Amino acid sequence: MTLIAAADGSALGNPGPGGWAWFIDESRWASGGWPTATNNQGELQAVIDLLTQAADEPDLHILLDSQYVLKSATVWMPGWKRKGWKKSDGKPVLNVEMMQELDALLESRRSAGFTTEFEWVKGHAGHTLNERADDLAQAAARAFQAGRTAEQGPGLSPSAASAPSATQPAAPPAAHDDEAPMSLFDDDLLEPATREERFEPADDLRLTVWRDVQTHEVMNFSIEQLGGEGWAKIG
């Protein structure tokens, strides 16, 4: 049976007091944060903590509204690793320690033969699990803003409760760098051994990436509008 969870992050000021959370149901959720972080760091930590606590779950489906985390985990990471954790412009990958931790967790699941799926959902659009994760992440950020520790939540099981976020993430990069708009394609994706289909950005575009981790992404349209077109297969 597939375990479905939503993960989200928040930062008040970006950078500013930061929070993260993942949510399955009212008996299985977790949250945490830091005095200072970026929104992207919160988004990353939510997925990292979920993967850590769900390490024994063979089938995991993660809902998230972060294009940054989705494409980092499913599209860009192989290219970054080949380049020594640098982007196509030669600059270091942002939040590299967190990216490396995310990569190790995904590699561990692949080695175990487990399935990990990411699905992008539009934020603040009434998606029940996403909205609950967002509320918890914002509550965690507000707790740190007020000088309090965020509520940890029950975790996935009593023995797997989240440890408090005692360590501050690496100094957050400038918000305008960390929060640059995510394009549908990035030069880090390109490689001679990869077969790629390119599309101009459009309102009715769906991109599915088949790798060891699968991505399902829907952008402002109904599937019926596609008519079987607008698909890309990479690898």
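This is a predicted model: local features need pLDDT of at least 70, side-chain atom pairs count only at pLDDT 80 or more; totals for chains, interfaces and linings use all residues.
**Entry 1: the overall layout.** I started with the whole chain. I counted 5 helices and 7 strands in the protein. Reading from the N terminus, I noted the order β-β-β-α-β-α-α-β-α-α-β-β. Of the 235 residues, 47% count as buried. I also looked up contacts with a separation of 6 or more, and 68% of them come from residues 24 or more positions apart.

**Entry 2: helix α2 by itself.** Next I turned to α2, which covers residues 67–82 and has 16 residues. From its first C-alpha to its last it reaches 22 Å, close to the 22 Å expected at 1.5 Å a residue. Where does α2 kink? I found the kink at Trp76, shortly before the proline Pro78, and it is about 70 degrees. After the helix comes Gly84, and I wrote down its positive phi, near 70 degrees. Is α2 mostly covered or mostly uncovered? It is mostly covered, as 13 of its 16 residues are buried.

Entry 3: As background for myself, nonpolar side chains in soluble globular proteins tend to be buried together. The largest nonpolar core here has 36 residues, and the members that touch the most others are Trp22, Val47, Ile62, Met99, Leu102 and Phe118. At least two residues of this core come from each of β1 (3–11), β2 (16–25), β3 (28–37), α1 (39–53), β4 (59–64), α2, α3 (96–111) and β5 (115–120). Which element gives the most? It is α2, with 8 residues. I also noted a second, separate core of 10 residues, with Phe23, Val121, Leu129 and Ala133 among them.

**Entry 4: α2 against α3.** Last, I checked how these two helices pack. Their axes are 11 Å apart, and the angle between α2 and α3 is about 90 degrees. That angle makes α2 roughly perpendicular to α3. Which residues meet there? From α2 I have Tyr68, Ser72, Ala73, Met77, Trp80 and Lys81, and they meet Met99, Leu102, Asp103, Leu106 and Glu107 in α3.

Note on methods
Residues are numbered from 1 along each chain as its sequence is written. Side-chain values use heavy atoms; hydrogens and water are left out. Helices (H or I, at least four residues) and strands (E, at least two) are DSSP runs, numbered from the N terminus. The expected span of a helix is 1.5 Å times one less than its number of residues. The bend at a residue is the angle between axes fitted to the seven residues ending there and the seven starting there. Buried means under 20% relative accessible area, exposed over 50%, partly exposed in between (1.4 Å probe, protein chains only). A nonpolar core is a set of buried Ala, Val, Leu, Ile, Met, Phe, Trp, Tyr and Cys residues joined through side-chain atoms within 4.5 Å. Axes are lines fitted to C-alpha atoms, for helices over the stretch in contact, and angles run from 0 to 180 degrees between N-to-C directions. Angles under 35 degrees count as roughly parallel, over 145 as roughly antiparallel, 65 to 115 as roughly perpendicular and the rest as oblique. Contact means heavy atoms within 4.5 Å.
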